[in-house]
Amino acid sequence: MGNINGHETRVTAAWLRMRLAEAETAQRICLIDATPTADAPCLPYARPLAVRTLLNDGMPTPEEFQAALRAIGATSFDQVVIYDRNLPLASSILWRLFRCFGHRDACILDGGYDAWCTVSGELVESYSKHEAGTWRAAGVSADRELLAEIDALRQMFRAG
């Protein structure tokens with residue numbers, strides 16, 4: 001399959017719009033709204049994964065993270081693109097969680113929801129529905145620096 005973007009940390013709204021316009025490429029992208037809002041429009045193909053819910057009891061276990069991703073239809077072969085609605089800590093935390101659990105092909109939509117609205121303006125009324133996914137979490141990373149970053153961001157997120 002190959003990587004869609006070569007493991008970039010951030011992608012632009014223009015890049016995402018171009019990729020979502022290509023049917024074959026769009027189906028390989030798992031577009032995640034890290035701050036889903038009920039009854040609000042979302043990006044086309046988006047799937048809801050509330051970071052706040054993932055962090056309710058602290059750092060999620062590999063099994064909890066895996067179950068959350070499978071519930072939204074993610075697979076381990078997906079190019080993950082994460083966006084938020086004016087809460088960049090949410091995207092940042094989720095990106096680090098993907099790295100922590102072994103998925104390197106994840107990136108953040110630079111500027112999030114607002115950047116998409118500026119570049120494309122195309123929104124849909126509801127999140128994309130998918131069959132259960134097969135995403136598989138590796139064990140928790142041994143990278144102490146990464147784990148410390150997640151913990152610090154988690155504490156700031158909960159405080160805000």
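Residues are numbered from 1 along each chain as its sequence is written, and side-chain values use heavy atoms, with hydrogens and water left out. Because the model is predicted, local features need pLDDT of at least 70 and side-chain atom pairs count only at pLDDT 80 or more, while totals for chains, interfaces and linings use all residues.

## Nonpolar cores

A nonpolar core is a set of buried Ala, Val, Leu, Ile, Met, Phe, Trp, Tyr and Cys residues joined through side-chain atoms within 4.5 Å. Buried means under 20% relative accessible area, exposed means over 50%, and partly exposed lies in between (1.4 Å probe, protein chains only). Helices (H or I, at least four residues) and strands (E, at least two) are DSSP runs, numbered from the N terminus.

The largest nonpolar core has 30 residues, and those with the most contacts inside it are Ile32, Phe65, Leu69, Leu94 and Phe98. Two or more residues come from each of β2 (29–33), α3 (51–54), α4 (62–71), β4 (79–83), α5 (88–100), β5 (106–109) and α7 (144–159). Helix α5 gives the most to this core, with 7 residues. A second, separate core has 19 residues, among them Leu20, Ala46, Val81 and Ala115.

Which residues does Phe65 touch, not counting residues up to four places away in sequence? With contact taken as heavy atoms within 4.5 Å, Phe65 touches Leu54, Pro60, Leu94, Leu97, Phe98, Phe101 and Trp135.

Rings of Phe, Tyr and Trp (its six-membered ring) pair if their centres lie within 6.5 Å; planes under 30 degrees apart count as stacked, over 60 as edge-to-face and the rest as tilted. By this rule the structure has 5 aromatic pairs.

One of them joins Phe65 and Trp135 edge-to-face, with 5.4 Å centre to centre and 85 degrees between the planes. Phe65 lies in helix α4 and Trp135 in the loop between α6 (112–119) and α7, so this pair ties together parts that are 70 residues apart in sequence. Phe65 and Trp135 are both buried.

The rings of Phe98 and Trp135 have centres 5.9 Å apart and planes at 90 degrees, so this pair is also edge-to-face. Phe98 is in helix α5, 37 residues from Trp135 in the loop between α6 and α7. Both Phe98 and Trp135 are buried. Phe65, Phe98, Phe101 and Trp135 form one aromatic cluster.

## Helix α4

The buried residues in α4 are Pro62, Phe65, Gln66, Ala68 and Leu69. Seen down the helix axis, they fall within an arc of 160 degrees, so they line one face of α4; the arc is that of the directions from the helix axis to the C-beta atoms. What covers these buried residues includes β2, α3 and α5. The face turned away from the buried side carries the exposed residues Glu63 and Ala71. Just after α4, Gly73 takes a positive phi of about 90 degrees.

## Salt bridges

A salt bridge is a side-chain nitrogen of Lys or Arg within 4 Å of a carboxyl oxygen of Asp or Glu. The whole structure has 5 salt bridges, including those in the table.

| Salt bridge | N to O distance |
|---|---|
| Asp110 and Arg10 | 3.6 Å |
| Asp33 and Arg85 | 3.0 Å |
| Arg96 and Glu149 | 2.8 Å |

Asp110, in the loop between β5 and α6, is 100 residues from Arg10 in strand β1 (residues 10–11). Asp110 is partly exposed at 39% relative accessibility, and Arg10 is partly exposed at 46%.

Asp33 lies in strand β2 and Arg85 in the loop between β4 and α5, so their bridge ties together parts 52 residues apart in sequence. Both Asp33 and Arg85 are buried.

Arg96 in helix α5 and Glu149 in helix α7 are 53 residues apart. Arg96 is buried, with a relative accessible area of 17%, whereas Glu149 is partly exposed at 30%.

## Cysteines

A disulfide is a pair of cysteine sulfur atoms within 2.5 Å, and by this rule the count is 0 disulfides. Cys100 is in no disulfide either, as its nearest cysteine sulfur, that of Cys30, is 18 Å away. Cys30 is buried at 0% relative accessible area, and Cys100 is buried at 2%.
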